[in-house]
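Dear colleague,

Please find below the structure that I am handing over to you. My notes on it follow.

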Amino acid sequence: MPDRRRHRGPHPHDTTLFAARFHDILRTAVGDLSWLLTRGYAEPSSLKLVGDRYELNERQRRAVIRSACRDDALTDRSARRIAPNLLYDEPVEIDGFNLLTTVEAALSGGVLLLGRDGCLRDMASMHGSYRKVAETVPALERIGRWLAGHRVATVHWWLDRPVSNSGRLKTVMAEMAAGHSWSWTIELDDDPDRRLIASDCLIASADSMVLDQCRRWCNLARHIVEETVPGAWIVDLRDEPVGS
C-alpha cells in the first residue's frame with residue numbers, strides 16, 4: 001500500500017502510550033535495559049525481559065530501545081560531543097533523513113524521545129521509503145536558519161540512495177539552499193553511515209552506530225527543536241541527568 005501520509009505526526013495511540021503516567025515506568029525501563037546492555041546481555045533478550053516486566057507494548061518497547069545505551073557508550077559519546085556555540089566556521093556533515101524526520105515530527109506534534117545520551121530521536125520508521133510531507137519545507141527552513149545563525153562554514157548532507165524519493169528530496173533541498181544562499185551540498189550514497197563514521201568533520205546524527213564510531217558530533221536535532229519548535233512533544237526518558 002502506498003504511503004499517503006501528509007504529516008509526520010503521532011501514532012493514533014501515542015497520546016495514551018506516552019501519557020505522563022507512563023513516563024516513570026518508561027524511564028525505569030530505559031535504566032534497566034541500559035544496565036543489562038552494559039553487562040553484555042544480548043539486546044533482543046534484554047528488551048524482552050524488561051518489556052515483559054513492565055508490560056510494555058511494542059511501540060513503548062521501541063521507545064525504550066531507542067533511548068537506552070551502555071554506560072561506556074554514554075561516557076564516550078559525551079566526551080566527543082561538541083557544544084553548539086563551537087560550530088562557528090566549522091564544516092558539518094549531516095545524517096540527512098535522521099535529522100530531517102526528527103524536525104518534521106516536532107513540527108507535526110509527533111512524540112520525540114530524549115534518550116539516555118541526551119539525543120533527541122523520533123519514532124518514525126521509513127522502511128526504505130521517504131515521502132515529502134507538509135512539514136518538510138518548514139523543517140528544512142528551520143534547520144537552514146539555525147545553521148546560518150550559528151555561522152557554520154559549510155554543510156554537507158548525506159541522503160540514503162536506496163531510500164525511494166531521496167533524489168526528489170535532494171532537488172528540493174538544493175533549490176532551497178540556492179534561494180537562501182546557504183552553503184549546502186547534498187549527496188546520495190548507498191551507505192551514508194560509513195561516510196559519516198569515516199569523516200574528519202563534525203557530524204550531526206542521533207544514530208547510535210554513528211555516534212559510537214564518529215570522531216566528533218553535535219546534538220543538532222535537539223538544539224534545533226528546543227530553540228525553534230516551542231511546544232514540541234518531548235518525552236524525557238533519561239534515567240539520570242546528563243549534560244546537553
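Is the crossing of α2 and α4 left-handed or right-handed? The crossing is right-handed, a term used when the near helix is turned clockwise from the far one by less than a right angle (left-handed if anticlockwise). This is a predicted model, in which local features need pLDDT of at least 70 and side-chain atom pairs pLDDT 80 or more, while totals for chains, interfaces and linings use all residues. Residues are numbered from 1 along each chain as its sequence is written, and side-chain values use heavy atoms, without hydrogens and water.

**Helices**

The axes of α2 (residues 20–38) and α4 (residues 58–67) come within 9 Å and cross at roughly 50°. Axes are lines fitted to C-alpha atoms, for helices over the stretch in contact, with angles from 0 to 180 degrees between N-to-C directions. Helices are DSSP runs (H or I, at least four residues) and strands likewise (E, at least two), numbered from the N terminus. In contact (heavy atoms within 4.5 Å), Phe22, Leu26, Ala29, Val30 and Leu33 of α2 meet Gln60, Val64, Ile65 and Ser67 of α4.

**Cysteines**

The whole structure holds zero disulfides (pairs of cysteine sulfur atoms within 2.5 Å). The sulfur of Cys119 lies 8.8 Å from the closest cysteine sulfur, in Cys69, and is therefore too far away for a bond. Cys201 is in no disulfide either, the nearest cysteine sulfur, in Cys214, being 12 Å away.

**Asn165**

Asn165 sits in the loop between β4 (154–160) and α8 (166–180). Leaving aside residues up to four places away in sequence, Asn165 touches Tyr130 and Arg131.

Yours sincerely
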